[in-house]
Amino acid sequence: MSAIAEEIRQAYAAVGITLDQPAAFGTYYRLLCAGCGRMLGQVGDKLLPGMAAEIVGQQRDLYAAGLLGCSCGHQKRLGETPA
Amino acid sequence: MSEMDAITEAEERGRTGLWPFWRKAYATGDPLPAFPAPASRGYRFDEGDPLPEEYKSLLLRMLRHEGERAGNKSFLGLMATCLDLAEALFPDRETKLIKAEYLAEELKHAIMFHRLAVGLERDFALRDVPYAHYSFHLPRESWADDAYFHFFVDLNGAFHSRDWRESSYVPLAKMAATVERDELGHSEMGYYFLERICSEPRGRELAQRLLAKWYAAALDMFGRSDSPNVPKFIGWGLKTIGNAEIRDLYKGYVDAKIVALGLDLPDARQNRKFL
């Protein structure tokens, strides 16, 4: 796994989302719900350093509000749990 | 019937009240802003002409960035993500079918650029070139993310294609109007999705929040304003307009559309990586 992909994996793990294996010729990865395994989205591995954490950090309240994340509520529940 | 006639006939059978989105956009005139008149041209090269080394290098560089080639595995991978997202995130059959029409049209471009690549340098036709710009790699975790991707990123393609109408490379100039029209239509598809998303409060709230991420990436896509390569591209007739100028035209276009959605415009310098 590339350094950027590892950054992406860590950033999403913090909000209950798993980075899947590379899906398309090593460039794009599926984002899966860590609670139920449902496909939640896609991300590519040419983000700039630090960008994944920045984006996920800015979206944290969207997961908590249920505007992003899985319909099973896994990310929402994590967002509601006090750190 | 020629190869392209068969494709055209297939496209016409796919027309609906909505698709292709370019039809409505061009019905009332040219939807894109006027570009400055190009300086008179000293160069014109057709397929098979010997190309100056720097010219060929710049042209290949431009085509690597464009990426829509049948022989480019990474482009096909990007298309696969579009199918994945439509299947998982799109709300109904109508929007999924629209996305399938989009895929078909992008694959038409892949054939067109494949032919161009074969005529330019056969080895290039099969070269895998992952999209280098981060905007092609931003996470898409909602229908709204995907709508922004098309509204902004496909529109970037329409603006560049408009510039290619004046290209000194004849095969590119010949296909530019079709690619411009289609890419503008893809952007309008994204915009149609955004109109639907913004029609209810939670969708609008999400769209407003996600806008900052996509707006900065969209403006960054035109590259650095002081790029040292731009004068070379312009000098060889491969571009007519600098990065800052085309970005300004693009910004004017998207700003008006965003305001029409009822969304607040982000600060144009916020989150920017390439000024």
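1. Ground rules. In this predicted model, local features need pLDDT of at least 70 and side-chain atom pairs count only at pLDDT 80 or more, while totals for chains, interfaces and linings use all residues; side-chain values use heavy atoms, with hydrogens and water left out. Residues are numbered from 1 along each chain as its sequence is written, and chains are lettered from A and ligands numbered from 1 in the order in which they are written.

2. Helices 1 and 2 of chain A. Two packed helices are described by the angle between their axes and the distance between the axes. Helix 1 (residues 3-13) and helix 2 (residues 51-64) of chain A pack at an angle of about 20°, and their axes are 9 Å apart. Helices (H or I, at least four residues) are DSSP runs, numbered from the N terminus. Axes are lines fitted to C-alpha atoms, for helices over the stretch in contact, and angles run from 0 to 180 degrees between N-to-C directions. Helix 1 and helix 2 of chain A are therefore roughly parallel to each other (angles under 35 degrees count as roughly parallel, and over 145 as roughly antiparallel).

3. On the side of helix 1 of chain A, the contact (heavy atoms within 4.5 Å) involves Glu7(A), Ile8(A), Ala11(A) and Tyr12(A). They meet Met51(A), Ala52(A), Ala53(A), Val56(A), Gln59(A) and Tyr63(A) in helix 2 of chain A. By class, this contact has 8 nonpolar residues, 1 polar and 1 charged. Ala, Val, Leu, Ile, Met, Phe, Trp, Tyr, Cys and Pro count as nonpolar, Asp, Glu, Lys and Arg as charged, and the others, Gly among them, as polar.

4. Helices 7 and 8 of chain B. The axes of helix 7 and helix 8 of chain B come within 7 Å and cross at roughly 155°. That makes helix 7 of chain B roughly antiparallel to helix 8 of chain B. The crossing of these two helices is left-handed. Their contact has 18 nonpolar, 6 polar and 5 charged residues.

5. The largest pocket. Its volume is about 920 Å³. On a 1 Å grid over the protein atoms alone, a pocket is an open set of points with protein on both sides within 12 Å along at least five of seven lines, a cavity is a set where a 1.4 Å probe fits but cannot get out, and lining residues have an atom within 4 Å of a point. Of the 38 lining residues, His65(B), Glu66(B), Asn156(B), His160(B) and Met221(B) lie nearest the centre of the largest pocket. Helix 7 of chain B supplies the largest share of this lining, 8 residues.

6. The second largest pocket. This one has a volume of about 490 Å³ and is lined by 23 residues. Leu67(A), Glu141(B), Ser142(B), Trp143(B) and Leu206(B) lie nearest its centre. The largest share of the lining, 3 residues, comes from helix 9 of chain B.

7. Cavities. The whole structure has 3 cavities of 30 Å³ or more. The largest cavity holds about 100 Å³ of space. Its lining includes Met51(A), Glu54(A), Tyr134(B) and Lys213(B). Helix 2 of chain A gives the most to this lining, with 4 residues.

Technical notes:
Angles under 35 degrees count as roughly parallel, over 145 as roughly antiparallel, 65 to 115 as roughly perpendicular and the rest as oblique. Grid points are joined across faces, edges and corners, and a volume is the space filled by probe spheres set on the points. A crossing is left-handed if the near helix is turned anticlockwise from the far one by less than a right angle, and right-handed if clockwise.
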